[in-house]
Amino acid sequence: MAKHKTHYEDCDVLVVGGGMAGTGATFEARHWGRDMKIICVEKANIDRSGAVAQGLYAINCYMGMQWGENQPEDHVRYARNDLMGMVREDLGYDMARHVDSTVHMFDEWGLPMMKNEKTGRYLREGKWQIMIHGESYKPIVAEAAKKSADKIYNRIMITHLLMDESQESRVGGAVGFNMRTGDYHVFRSKTVIVAAGGASHIFKPRAVGEGMGRTWYAPWSNGSAYALPIAVGAKMTQMENRIVLCRFKDGYGPVGAYFLHLKTYTQNANGENYEKKWYDQTKELVGEYIDHHPTPTCLRNHAFIQETIAGGGPIHMVTTEAFQDPHLETVGWENFLGMTVGQAVVWASQNIDPKYTNPELTTSEPYVMGSHATCSGAWVSGPEDLSPPEYFWGYNRMLTIDGLFGAGDTVGGSAHKFSSGSFTEGRLAAKAAVKYINDKKAEGIKVTDKQCEDFKVAIFKPLETYQVAQNEITGGTVSPSYISPIQGLQRLQRIMDEYVGGIATNYMTNGNMLKRGLELLAWLEEDLEKVGAEDLHQLMRAWELKHRALTSQCVTEHTMFREETRWPGYYYRGDHMKLDDDNWHCLTVSRRDPKTGKFSLEKVPVYHIVDENEKKKAS
Ligand SMILES: Cc1cc2nc3c(=O)[nH]c(=O)nc-3n(C[C@H](O)[C@H](O)[C@H](O)COP(=O)(O)OP(=O)(O)OC[C@H]3O[C@@H](n4cnc5c(N)ncnc54)[C@H](O)[C@@H]3O)c2cc1C
């Protein structure tokens, strides 16, 4: 252990993850906590980290309240509809009422925004989206965070949260290691804001082997946002609500601008509008939800998946009409250049010019996230003025651990935040964290050296394991005494894929399969004690894997608990194929006991605050 130097930092606000939510939190923490010590720790480098690393072509969440375009209530109704009723409306409303101010700051900071030449307003791509030249989106928000923080630590992966030893269920900081130097870092902090993104690569991806990094969701998003709070006993919500995306095949290029701006549409191999064909069958499963407008994303996926199973594939995006217009053709290509260059490369390699050939679409492997069109994540307190008692315990965006806050993908129940909403949620969490400190809720936190030393031993154990076990390698990487991170990852992905509703089963699972999946995950957990790392990069892979495995357990427990198919097109419970509003019009909340590792689950009411308030006003 002596070769891994230990560094200590004491601070007021510790932000874990410097993506969209983390940069928002770091920026806002300085606004409210002028004299506080604020530190942001990032696994990569905040200039190009997180899901927005490569840039974006649209800000997907902007109300346009100044022009009367949308109100926060409209956004709540939209998210509620898309999630088949299951959202935390207090959180969604709170984000929506603040998101415009965030976007206006991005504009001031120099993010190139496209303008509508006739109206002078931001150029709309759809009802909620505005178009940007967003290649430099991430460096721009990173600069705001860098100017606000006392210190930004890049290349440090946070592996564990520290807990206060003088008061139960209160956070005391976090620990991790530097992936370049191998140093051990202890951050003792009064508050921690977890903003570590979502989880890709827990389900087996379509692209395997040398193409393995080609997923829709950022391959480096490894579920730390979930594993860190789960490990210390924080409550989680809606973890069954994984997302499946319909995207351009092989490159996962975005389709939003194509549907909304270029007005392209989909058809099956015979040139038919296949969505209509599945209307009656879908109505059988979900009732009137299929008549909602816009059609919930999962139900559109459902038609795609059923059509493919029935032999109607491949499904194509009809681009050949829109691309005859030179302006739209340019927009179509530019859409990839600022965001997913790989899609343009895939088309070039497959001889696809979308002006003459309609490209194929596919449905992705599932991912877990809380900021896009699904809302898995931590169970957090809402804002004081909006939240019913079950949803409020003192500080906005605080988890069920005192002093521990979340934002962006970390927070469950509030979908459709996207980049701007995640940054906004980071701001809300930071404001509340500063208030928590000012209210003297973080006094007397005790973190002993023993706690820190124990974590140090645990963190570097995979290096020790490898050092000893490498002597027993029988060939290649085969050893009776350790498994490598990639071996463990592939085993995890197969379990999730085959038992928990991945692509292998066309997203189908059932109670028996989930039970078996949980057994296999428990054995994997045991074996992960023997994961070996030959260098610091593999050490990072080992901890990413451990975080993914814990997140997967939680996803599987939740999927088993909800005995209905709430979101056909995201996953199916074959033993409960219908949506069941009588029994399951509720949120699911879990807690893993840190001492026993056992999960307990409960139903929590879903309150439709927006229209209830309006009904009350009317009566
Ligand atoms: C493919 C794709 C396309 C999208 N398109 C759009 C779009 O067009 N418009 C839009 O508005 N939004 C879009 N989004 C959504 C948007 O990118 C996310 O909503 C947003 O980035 C979520 O913010 P976050 O901070 O929660 O996660 P991220 O921005 O991903 O940040 C998480 C950060 O945590 C770091 N991290 C992870 N684990 C650790 C750890 N253990 N220790 C330290 N650091 C850690 C990561 O490196 C990363 O920097 C898209 C997302 C994806 C994946």
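Colleague: Which helices and strands each supply at least two residues of the shell around the ligand?

Modeller: This is a predicted model, so local features need pLDDT of at least 70 and side-chain atom pairs 80 or more, while totals for chains, interfaces and linings use all residues. Residues count from 1 along each chain as its sequence is written, and side-chain values use heavy atoms, without hydrogens or water. Helices (H or I, at least four residues) and strands (E, at least two) are DSSP runs, numbered from the N terminus. At least two shell residues each come from α1 (20-32), β3 (56-59), β6 (156-163) and α12 (418-438).

Colleague: Of the 34 residues around the ligand, which come nearest?

Modeller: A residue is near if one of its heavy atoms lies within 4 Å. The nearest are Ala21, Glu42, Ala58, Ser371 and Ser419.

Colleague: Which residue has a side-chain N or O atom 2.8 Å from an oxygen atom of the ligand?

Modeller: A polar contact here pairs N or O atoms within 3.5 Å. Gly50 uses a backbone N or O atom, 3.2 Å from a ligand oxygen. The side chain at 2.8 Å belongs to Ser49.

Colleague: How much of the ligand does the protein bury?

Modeller: Areas come from the Shrake-Rupley method with a 1.4 Å probe. Alone, the ligand exposes 990 Å². The protein buries 96% of that.

Terms used:
A polar contact is a pair of N or O atoms within 3.5 Å; within protein, one must be able to donate a hydrogen and the other to accept it, and residues adjacent in sequence count only if both atoms are side-chain atoms.
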